[in-house]
Amino acid sequence: MLSPTDLIAEGLRLSAVPEPPVPCPPHTVDAITGVPITEGYVAHQLAGANTVEFLETFRGNQHGYVSVNTARCWRAQNPRGDNRASRSVLAFGDGTAWLPMIARDTATTERPCWSDLVRQVWPARAGQPCVAIVTTDQKKRLWPRARATQLGDRTAVYLYNPESRDDGVRFVDWPSLIACLDLVETVYGAGLVKPWIATNVLAALAQRGRGGDPRTLLAWERALAPWRVTEEFPLALLLAQKPTKEIP
Amino acid sequence: MTTPRSSRVALPAFAPWFAALIDLPMRPLRVTLHLQPGASLAGNDALQLDNLLARRVLDVAIPDRGPLDDTPLGYEFPIPLRVVWRADDGLPLYAATPFVPVGTTATDIAYLHKRQQTGAWTRGGRAGFAPRPASGRWAERRQGIRSVLAEAWTADCIGHQDTIAELLRAVVHVGKKRGHGFGAVARWEIAPIPAWHLVRAGRLTRPVPALAATRWSLCVEGEPALVGWTPPQWKPSLFRPGWWAGARVHDVEALAC
């Protein structure tokens with residue numbers, strides 16, 4: 001059974017921990033993921049002097065063991081070294097993984113834009129096991145809380161965005177996420193700002209030169225209103241990008 | 001035949017409690033939690049009714065206890081809830097759902113600040129403990145914790161109304177960071193309902209292990225993942241392959257007890 005740390009460690013090809021794993025007592029499970037293991041690393045030995053909140057990270061079992069892949073993730077959260085486990089990630093069970101960017105302007109081939117990637121993987125990867133973490137800030141506490149699910153109508157996405165007060169797992173319907181993203185990007189691309197999209201696009205009427213046609217705004221508002229209470233909306237609002245401008 | 005990964009720990013102090021449970025009439029109930037005005041529920045995981053009752057039973061049955069032995073095994077608690085299924089190692093699945101918010105809700109991230117310890121009695125000396133504010137385990141840091149504000153929280157179950165009410169009466173705080181005012185309880189309401197549903201509107205109402213789903217011929221969408229399903233749900237050694245609450249179920253209108 002795949003765990004989030006298996007998906008992240010294998011997908012991102014995280015470095016192996018130099019020390020060899022040790023045999024575990026019978027019936028040992030990973031102190032973070034719960035996966036049964038026969039060999040691994042002692043949690044409190046893996047944690048360094050700078051580790052804080054270890055009781056919560058290891059679910060009260062800091063004297064337990066963690067799997068080889070969990071240890072790889074642990075070592076890949078160093079802000080002064082390899083910190084790939086602390087970033088946004090989308091990893092699949094076949095070993096494919098990305099470290100996506102939110103802004104399309106800064107995205108590269110290796111690190112695609114979330115907005116494009118969300119559409120790229122559906123429906124090609126429907127049903128595949130995956131782990132998704134979307135964060136606006138690099139945080140080492142996120143990957144231990146992420147969940148592995150299938151890409152589909154109830155995909156677990158860990159969303160961390162302090163600006164919108166989001167910090168936790170959201171279960172999203174991937175096709176609905178794409179539909180919501182389409183709508184939000186249509187409105188966003190027309191020049192309306194995200195705070196209006198989040199609350200009420202009719203606020204644009206008060207802004208000289210940015211309002212546009214009132215009937216269009218009303219239609220957008222009617223279309224957006226039901227989305228605002230969904231699990232997909234905060235994610236779509238964060239990931240939405242304006243269309244790429246053609247360079248003449 | 002598969003070998004159980006673990007078995008249960010039975011505490012002698014619980015024996016009379018288990019005996020008392022046998023004759024208790026149980027029926028479907030809705031437990032409603034009203035928090036103090038302005039108080040929100042903090043934590044990353046859902047509040048579980050069976051977990052809450054297990055903790056209360058432990059506090060009442062063994063007052064002045066120290067911490068329980070740290071073990072990967074599961075403890076058997078005499079909870080006044082109906083057991084609807086048992087795993088091969090005897091761990092129980094209770095007829096109880098997690099608490100879900102009702103009415104208007106708002107999520108937030110609360111930031112708490114962990115300040116540097118003074119080290120007043122140990123600072124100094126070459127070998128002394130000298131905590132630094134900017135680095136190391138005792139550095140000052142900001143802790144973000146998810147919180148949810150709601151009009152009320154409800155959980156459905158099958159249990160004994162009076163016993164549950166008596167156990168919950170003393171619960172004045174729930175969730176994380178109680179010392180900071182989160183989860184301050186105003187009152188509990190427990191009322192009978194017509195039926196308890198494991199599946200409602202095509203979705204699981206509580207985490208369910210895959211073996212239980214097979215036993216009930218539930219066709220749950222997607223591959224199972226490791227889920228917490230029996231108290232304490234946060235304990236990884238008790239995780240089993242299964243589905244979280246909210247997973248879609250096919251071909252079942254409603255499974256009512």
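**From one residue to the interface**

Modeller: Gln233(B) counts as buried, because its relative accessibility is 8% and the cut-off for buried is under 20%. Keep in mind that this is a predicted model.

Biologist: Where does Gln233(B) lie in chain B?

Modeller: Gln233(B) sits in the loop between E14 and strand E15 (240-243) of chain B.

Biologist: Which residues is Gln233(B) in contact with, leaving aside its neighbours within four places in sequence?

Modeller: Those residues are Gln48(B), Asp50(B), Asn51(B), Gly228(B) and Phe239(B). With Asp50(B), the side chain of Gln233(B) makes a polar contact of 2.9 Å.

Biologist: Is Asp50(B) buried or exposed?

Modeller: Asp50(B) is buried, because its relative accessible area is 1%.

Biologist: Which side chain meets Asp50(B) in a salt bridge?

Modeller: That is Arg206(B), with an N to O distance of 3.6 Å. The two lie in distant parts of the chain, 156 residues apart: Asp50(B) belongs to helix H2 (residues 49-61) of chain B, and Arg206(B) to the loop between E11 and strand E12 (208-209). Arg206(B) is buried as well, with a relative accessible area of 1%.

Biologist: What about Glu76(B), which residue does it form a salt bridge with?

Modeller: Glu76(B) pairs with Arg8(B), and the closest N and O atoms are 2.3 Å apart. Glu76(B) is in the loop between strand E4 (74-75) and strand E5 (83-86) of chain B, while Arg8(B) is in strand E1 (residues 8-9), so the pair ties together parts that are 68 residues apart in sequence. Glu76(B) counts as buried at 9% relative accessibility, whereas Arg8(B) counts as partly exposed at 38%.

Biologist: How many salt bridges does the structure hold over all chains?

Modeller: There are 26. Across the interface of chain B and chain A, the rule finds 3.

Biologist: Which residue of chain A forms a salt bridge with Arg203(B)?

Modeller: Asp153(A) does, with the closest N and O atoms 3.9 Å apart. This pair crosses between chains, from strand E11 (residues 203-204) of chain B to the loop between strand E7 (149-150) and strand E8 (155-161) of chain A. Arg203(B) is partly exposed, with a relative accessible area of 26%, and Asp153(A) counts as buried at 18%.

Biologist: How many residues are in contact between chain B and chain A?

Modeller: On the chain B side there are 32, in contact with 36 of chain A. The two chains bury about 2,900 Å² between them, with 48% of that on carbon and sulfur atoms. There are also 7 residue pairs in polar contact between the chains, both residues being at pLDDT 80 or more.

Biologist: Which strands of chain B supply at least two residues of the side that touches chain A?

Modeller: They are E7 (100-114), E8 (141-159) and E14 (225-227). The residues on that side of chain B divide into 13 nonpolar, 8 polar and 11 charged.

Biologist: Back to chain B as a whole. How many helices and strands are there?

Modeller: Chain B has 4 helices and 16 strands. Its 257 residues include 48% that count as buried.

Biologist: Last topic, chain A. Why is helix H9 described as largely enclosed?

Modeller: In H9 (residues 232-239) of chain A, 8 of the 8 residues are buried, so the helix is largely enclosed by the rest of the structure. Among them are Phe233(A), Pro234(A) and Leu235(A).

Technical notes:
Residues numbered from 1 in each chain as written. Chains lettered and ligands numbered in written order. Predicted model: local features only at pLDDT ≥ 70, side-chain atom pairs only at ≥ 80, totals over all residues. Heavy atoms only, no water. Contact = heavy atoms within 4.5 Å. Buried area = accessible area lost by both parts, 1.4 Å probe. Salt bridge = Lys/Arg side-chain N within 4 Å of Asp/Glu carboxyl O. Polar contact = N/O pair within 3.5 Å; in protein donor to acceptor, adjacent residues only side chain to side chain. Nonpolar A, V, L, I, M, F, W, Y, C, P; charged D, E, K, R; others polar. Buried < 20%, exposed > 50% of the residue type's maximum accessible area, 1.4 Å probe, protein only.
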